[in-house]
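Please read the following points beside the coordinates.

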Amino acid sequence: MHALVGENGAGKSTLMKILYGMQKPDEGTIAVGGTQVSFASPADAIARGIGMVHQHFMLADNLTVLENVVLGSEKLYGIGGAARKKVKEISDRYGLGVRPDVLVEDLGVAERQRVEILKVLFRGADTLILDEPTAVLVPQEVAALFANLRELKSEGLSVIFISHKLGEVLSVADEITVIRRGTTVGTAVPAETTPRQLAEMMVGSELPTPETAESTVTDRAVVEVKDLTVYASGGASLGVESEPATGGVTGGIATAAGEVKRVLDDVSFTIHAGEVMGIAGVEGNGQTELIDALIGTKNADSGAIFFEGEDVTSWATRKRRESGVGYIPEDRHRQGLLLEAPLWENRILGHVTETPNAKGFWLTPKAAQADTRRIVEEYDVRTPGIDVTAASLSGGNQQKLIVGREMSHNPKFLIAAHPTRGVDVGAQAQIWDRIRDARREGLAVLLISADLDELIGLSDTLRVIYNGRLVADADPATVTPEELGSAMTGAATGHLEHVEDESAPEDEAR
């Protein structure tokens, strides 16, 4: 298991695209099994036993899981019963929990990732490239993934593991290669390396921490959510409003018992000015629907949302945005960017009616372009210019552009879903600093993240969501990632009290 680490834009994904046949090298050689090869397409790489799980998934939303897995590999097991049997066999063997007949558009991020891994295994890969595989997984899921990878390794598979989570890299890799600005700058052996040393090799600075020293929470409520309930619907994951069904339920899907599933069930909370409220939960437990309801892309079926004392439950998304709601989406490609548009047009996205993007009814492109240059400089977005497409940036630089765009409008309430997903340690520190600075100025933040250290370090209050309900709360100052992870699986409810194991040695307990 070989780890590849480096800051955003260092060239990790480009190198892997070359190895997977998606991009042609200008110089140098690639050898597989001692034989020099040249790949004209991913099909050539697959034929040589190389499979890749991309940071941004390569799946067709309008096809089922089974159809996505089989697509392009119909000759292996056909498209019927044999293929289904093979998919189920791989899914069961590695604990992937994949449902073959579900449309990909209805899956959460973590489920999509498991489909991608299954797709690679289905093709019989013996070299597996994983680009940021743990970005949205909770500790238990990460442990399960690593157990699967170790099992694959024991069967002779080679794994190339790209990650920004240095602790994970050190725990799972046999060897580490560090690249910076397109060049290999060193290698490391995990047993002889600390996260701090690795961070310094990557970016020349220490490993940042998300810890927040002082409290800035006031008694002024910015957002109040009361008894919010959202029923399942075919458009829920995309924020599509469905036609009312009988009984007033919006597009409800009947369960086997004839009931309608509540994806958000009687959720209530208050976020004050200067407060970061963190929501911890395994992917698919209602976080997406909560975000949709708060930003206005999905109507609440019952309950109310108040913003600065005013009932905004029926407000359109644009009105909420213009009133001071910022939004860092959980999937930057699907919800945050127009990938084929230049950076300055993406700066306008979501803020079309606001300065400096518009004056009255008219867009002001020159002002938007000037402000985009400011964001690129202030947020260290690595790009040759503001006229290149968003697709040409690395994932971390795309994320910095989105954060810069949202923070530039001085929001009063920020919905931050996985704000540092797929960004390097230097960019993480920048984003955390921006959130802390705005929080100090009175910003209210809803933070949804799969990085439990980030949740614990940044949050003033912590809530756990499970099956659409807020089932537990915790004090960020005392709770551990393990305790939080346990509550996320439904094993603990109520207030999570940290109990020190007095029988354990002092160092181990710490």
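1. Thr194 is partly exposed, with a relative accessible area of 36%, where buried means under 20% relative accessible area, exposed over 50%, and partly exposed in between, for a 1.4 Å probe and protein chains only. Its place is in the loop between strand S8 (183–188) and helix H9 (195–203), helices being DSSP runs of H or I with at least four residues and strands runs of E with at least two, numbered from the N terminus. The C-alpha atoms of Thr194 and Gly167 are separated by 8.5 Å, although these residues lie 27 apart along the chain.

2. On the basis of these remarks: this is a predicted model, in which local features need pLDDT of at least 70 and side-chain atom pairs count only at pLDDT 80 or more, while totals for chains, interfaces and linings use all residues. Residues are numbered from 1 along each chain as its sequence is written, and side-chain values use heavy atoms, with hydrogens and water left out.

3. Helix H6 (residues 109–122) has 14 residues and reaches 20 Å from its first C-alpha to its last, close to the 20 Å expected at 1.5 Å a residue, the expected span being 1.5 Å times one less than the number of residues. Twelve of the 14 residues of H6 are buried, so the helix is largely enclosed by the rest of the structure; among them are the charged residues Arg112, Glu116 and Lys119. Gly124, which follows H6, has a positive phi near 80 degrees.

4. The axes of helix H5 (residues 81–93) and H6 come within 10 Å and cross at roughly 115 degrees, axes being lines fitted to C-alpha atoms over the stretch in contact, with angles from 0 to 180 degrees between N-to-C directions. The contact (heavy atoms within 4.5 Å) is made by Ala83, Lys86, Val87, Ile90 and Ser91 of H5 and by Leu118, Leu121 and Phe122 of H6. These residues divide into six nonpolar, one polar and one charged, where Ala, Val, Leu, Ile, Met, Phe, Trp, Tyr, Cys and Pro count as nonpolar, Asp, Glu, Lys and Arg as charged, and the others, Gly among them, as polar.

5. For helix H15 (residues 395–407) and helix H16 (residues 425–440), the axes come within 11 Å and cross at roughly 15 degrees. That makes H15 roughly parallel to H16, a term for angles under 35 degrees. Gln399, Lys400, Val403 and Met407 of H15 meet Ala427, Gln430, Ile431, Arg434 and Ala438 of H16 in this contact, and its residues divide into five nonpolar, two polar and two charged.

How values were computed. Parallel < 35°, antiparallel > 145°, perpendicular 65-115°, else oblique.
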